[in-house]
Amino acid sequence: LVRDVKSAFYQVLAAERLVEVAGELVKVAESSASTARKRVAAGAAADQEQLRAEIPLEQARTELSGFQRELTTARQTLALLLGRPDLAEAPVSGALAETASLTLLDQGPEQWLPNHPSVLAVKTSRDRAELDLRRARLDPYPDVKLGVAGGREAIPDRGSIVEFRVSLPLPIIDRSKGKKQEAQANVHIAQADQVAVEQRLLREWGTASKRFRTAVEQVASYRERILPKADEALRLVQAGFEQGKFGFIDLLDTQRTTAEARLAYQQKLLELSVAQAELESLAAGGNQPQPSKNQP
């Protein structure tokens with residue numbers, strides 16, 4: 001539940017940021033389209049330049065509408081997980097983390113897997129199946145019953161009578177063979193279930209670890225190299241356009257490339273946060289304090 005709430009919360013934060021970035025891109029596209037219309041009206045550019053400028057504007061508006069719908073869906077999902085549908089429109093605060101430490105991966109499965117709730121549950125089922133097997137194996141052995149009775153003879157002066165009884169059923173027909181086979185099969189099933197659960201958790205850890213490591217590297221690449229280069233390229237093209245060194249189409253292409261890089265960066269931040277929540281859920285699930293054996 002904690003993992004799902006965290007992931008839903010990160011989805012809301014990412015969707016809000018995507019709406020903000022998309023809104024900024026719509027403003028940029030509107031400005032570019034307005035500039036193109038003025039250039040065409042002044043005879044400084046051909047009609048196709050205006051059409052080329054209006055295409056990114058329509059694309060930006062479409063993307064903004066899509067991100068707004070995703071934000072609504074993300075808010076509803078978070079509110080439902082919290083059990084408060086009335087909070088679907090409540091504002092949230094916070095920001096997606098732009099950095100993460102790989103030390104989270106140091107806590108390997110061998111530290112948390114044995115005490116994970118899913119593993120403990122199947123271990124309990126296996127122990128119960130093994131106890132049922134022991135009981136089935138003991139069922140064929142008969143219970144010896146002893147009895148003592150006393151009394152007096154009906155004839156006077158014959159004395160008292162003490163009677164001892166021993167009862168020993170003979171399992172000639174019912175040897176509980178079917179029960180033993182069923183119990184043995186249940187033990188095998190419980191053991192297989194335990195292996196399956198452990199393998200599933202290991203696969204989830206491996207997948208989340210790869211996603212987390214990849215997201216850390218990609219976020220760092222966007223933050224340190226891709227975004228700075230995209231912003232610098234846009235600055236140079238804008239300056240060159242004002243000086244007449246670049247055409248309007250070059251400016252549009254550079255703006256679009258920069259916009260795509262900013263949107264992709266927010267998606268990578270979301271992937272990083274969700275992968276980290278998954279790892280924390282697995283590791284924390286196996287590190288819960290265990291109750292004392294002396295407790296009832």
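Tutor: Strands here are DSSP runs of E with at least two residues, numbered from the N terminus. The model is predicted. L146 lies in strand 1, residues 145-152.

Student: Why is L146 called exposed?

Tutor: Exposed means over 50% relative accessible area. L146 has 72%, so L146 is exposed. Together with V144 and V166, L146 forms a nonpolar surface patch with about 350 Å² of accessible area.

Student: How do you know that the span of helix 1 agrees with its number of residues?

Tutor: The expected span is 1.5 Å times one less than the number of residues. For the 40 residues of helix 1 that gives 58 Å, and the end C-alpha atoms are 58 Å apart, so the two agree. Just after helix 1, G43 has a positive phi of about 80°.

Student: What makes the pair of F9 and Y10 tilted?

Tutor: The search of the whole structure finds 3 aromatic pairs. In this one the ring centres are 6.2 Å apart and the planes are at 55°. Stacked needs under 30 degrees and edge-to-face over 60, so the rest count as tilted. The pair of F9 and Y10 is therefore tilted.

Student: Which parts of the chain does the pair of W112 and W205 link?

Tutor: W112 is in helix 3 and W205 in helix 5, 93 residues apart.

Student: Why is W205 called buried?

Tutor: Buried means under 20% relative accessible area. W205 has 7%, so W205 is buried. W112, at 0%, is buried too. W112 is also among the residues with the most contacts inside the largest nonpolar core, which has 32 residues.

Methods: Residues are numbered from 1 along each chain as its sequence is written. This is a predicted model: local features need pLDDT of at least 70, side-chain atom pairs count only at pLDDT 80 or more; totals for chains, interfaces and linings use all residues. Side-chain values use heavy atoms; hydrogens and water are left out. A nonpolar core is a set of buried Ala, Val, Leu, Ile, Met, Phe, Trp, Tyr and Cys residues joined through side-chain atoms within 4.5 Å. Buried means under 20% relative accessible area, exposed over 50%, partly exposed in between (1.4 Å probe, protein chains only). Patches are made of residues with over 30% relative accessible area and no salt bridge: like charges are joined within 9 Å, nonpolar side chains (Val, Leu, Ile, Met, Phe, Trp, Tyr) within 5 Å. Accessible areas come from the Shrake-Rupley method with a 1.4 Å probe; for residues, only the protein chains shown count as cover. A salt bridge is a side-chain nitrogen of Lys or Arg within 4 Å of a carboxyl oxygen of Asp or Glu. Helices (H or I, at least four residues) and strands (E, at least two) are DSSP runs, numbered from the N terminus. Rings of Phe, Tyr and Trp (its six-membered ring) pair if their centres lie within 6.5 Å; planes under 30 degrees apart count as stacked, over 60 as edge-to-face and the rest as tilted.
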